[in-house]
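Please read the points below with the sequence and the model side by side.

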Amino acid sequence: MPNPRVPVIRTAPHFSDLNLNGHIFGGWLLSQMDTAGGITASERADGAVATVAIEAMKFHRPVQVGDIVSCYTEIIKVGHTSMHVRVEVCVRRRNHEAEFRVTEGTFIFVAVDAEGCPRPVPDI
């Protein structure tokens, strides 16, 4: 049996994260995705990274209070100083076992030095 994916972040939103429609504010979800992608990019870059762009962002379904939110990441491209990290967010609703995808996007990070200038991503 294959190993299940392991989320970089697993969390639960709160009532304070609601928007006017009663769903979780998209900015809260975007922040979780940026953090998860940044963790993955930082590990690959062996140091600090900065978010420089977000591509192909899609919100498929709303997130609700009480959902368990899991952020999964995958590095899909590594350049000289940058990395493209695909972030997929799935939720598990209360009293349900199965997760389903709610959001996905590609985040672009640049490895930076102590002065915040781009630096090469180390070879593996």
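**Notes on the sheet and its helix**

1. The model contains an open sheet of 5 strands in the order E1-E3-E4-E5-E2, with antiparallel pairing. Its edge strands, each pairing on one side only, are strand E1 (9-11) and strand E2 (49-59). Strands (E, at least two residues) and helices (H or I, at least four) are DSSP runs numbered from the N terminus, and two strands pair if DSSP finds at least two bridges between them.

2. This is a predicted model, in which local features need pLDDT of at least 70 and side-chain atom pairs count only at pLDDT 80 or more, while totals for chains, interfaces and linings use all residues. Residues are numbered from 1 along each chain as its sequence is written, and side-chain values use heavy atoms, with hydrogens and water left out.

3. Strand E4 (residues 82-92) and strand E5 (residues 100-111) pair in the antiparallel sense over 10 bridges, and Glu 88 has Glu 104 in E5 as its bridge partner.

4. Helix H1 (residues 26-45) packs on the sheet and touches E1, E2, strand E3 (68-78), E4 and E5, where contact means heavy atoms within 4.5 Å. At 1.5 Å a residue, the 20 residues of H1 should span 28 Å, which agrees with its end C-alpha atoms being 28 Å apart; the expected span is 1.5 Å times one less than the number of residues.

5. After H1 comes Asp 46, whose phi is positive, near 55°.

Note on methods
Axes fitted to C-alpha atoms, helices over the stretch in contact; angles between N-to-C directions.
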